[in-house]
Amino acid sequence: MSLPTTIAPPFDEAELVAKAKAGDSGAFSDLVEHYERRVFRMAKQITQNEEDAEDVLQETFLKAYSHLEDFQGNSKFYTWLVRIAVNEALMKLRKRRSDKTVPLDDPIDTGEDVVVREIAVWDDDPEQKYSREELGEILNEAIQSLKPAYRTVFVLRDIEELSIEETSEALGLSISAVKSRLLRARLQLREKLTRQFRRKGDDALAYL
Amino acid sequence: MLTCKQFLQELSDFLDESVDPALRAEVERHVNQCPNCWVVCDTARKTLKVFKGMDAHAVPEHVQRKLLSALEKAIADKKGVDASPPVGH
């Protein structure tokens with residue numbers, strides 16, 4: 001084993017942001033390069049539409065660039081970027097919905113959606129049983145079935161792996177609202193996936 | 001002992017390992033004694049695991065090109081504004 005001859009400089013978000021704010025456009029390009037994949041994935045998950053996600057990606061970085069002076073550094077740059085991207089993505093969703101009367105970010109909380117219907121153990125590891133493409137499709141379909149308000153929280157917390165606090169900051173929601181939506185999202189996805197991955201011949205009665 | 005409903009309310013925090021030790025012990029006790037909740041807990045944990053394994057695909061080249069040229073334009077515009085003489089003097 002040989003040691004690499006050149007070592008890439010470590011990614012220092014704060015330093016790149018400071019440089020970008022001082023007018024170094026190369027530093028801003030480095031930030032774009034570092035975060036574009038994640039912003040694009042997040043946009044695709046929330047909008048569930050490739051074309052919208054492309055627009056969201058572009059708008060997010062353009063807005064971030066033009067409002068760079070407004071970024072105070074109280075949060076991580078990435079959390080700030082996520083907040084811009086989520087707003088852009090939700091705007092896209094609103095435009096596509098014919099029914100604009102129900103606000104996307106305010107689910108009607110009846111408490112009835114904390115339910116468990118499917119109780120069955122899963123077959124072997126789904127990652128072994130399905131190809132990456134097949135599994136990707138199953139997961140996308142499951143995410144798509146969530147209400148946007150739940151989907152957004154789930155995508156930020158469980159796919160982008162933001163903390164509860166960062167998710168709450170990025171979405172402008174209280175910690176308890178994030179937690180309650182997250183629980184619902186996770187339980188609903190568990191239901192969907194259990195229908196798909198349950199061990200054949202197994203049923204709830206076996207456990208009652 | 002926790003009821004199934006109480007267990008369900010704590011499930012998310014339990015999976016995130018953000019419950020205090022006393023409550024954690026209570027949740028574990030329930031899970032170990034209630035076969036249904038054991039299954040729910042196990043499949044919820046697997047649900048999170050399978051989503052965490054999702055790839056972030058590379059941004060397609062044509063999208064990246066579009067983004068870069070839009071940014072270049074924004075950068076040029078900003079520099080143009082900064083370089084222009086102050087108005088009113």
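How many residues of domain 1 of chain A are in contact with domain 2 of chain A? Before the answer, a word on what you are looking at. This is a predicted model, in which local features need pLDDT of at least 70 and side-chain atom pairs count only at pLDDT 80 or more, while totals for chains, interfaces and linings use all residues. Residues are numbered from 1 along each chain as its sequence is written, and chains are lettered from A in the order in which they are written.

Let's start inside chain A, which is divided into domain 1 (13-96) and domain 2 (126-207); such bounds come from an automatic or database domain assignment. Here is the answer: 12 residues of domain 1 of chain A are in contact with 14 residues of domain 2 of chain A, where contact means that C-beta atoms, placed from the backbone, lie within 7 Å. On the domain 1 side, H4(A) gives the most, with 6 residues; helices here are DSSP runs (H or I, at least four residues), numbered from the N terminus.

Now turn to where the two chains meet. Chain A brings 35 residues to this contact and chain B brings 28 residues. On the chain A side, the largest share, 8 residues, comes from H9(A).

Finally, look within chain B, at helix H1 (residues 4-15) and helix H2 (residues 21-33). In H1(B), B:Phe7, B:Glu10 and B:Phe14 meet B:Leu23, B:Arg24, B:Val27 and B:His30 of H2(B). The residues of this contact divide into 4 nonpolar, 1 polar and 2 charged, with Ala, Val, Leu, Ile, Met, Phe, Trp, Tyr, Cys and Pro counted as nonpolar, Asp, Glu, Lys and Arg as charged, and the others, Gly among them, as polar.

Definitions and conventions: Two residues are in contact if their C-beta atoms, placed from the backbone, lie within 7 Å. Helices (H or I, at least four residues) and strands (E, at least two) are DSSP runs, numbered from the N terminus. Axes are lines fitted to C-alpha atoms, for helices over the stretch in contact, and angles run from 0 to 180 degrees between N-to-C directions.
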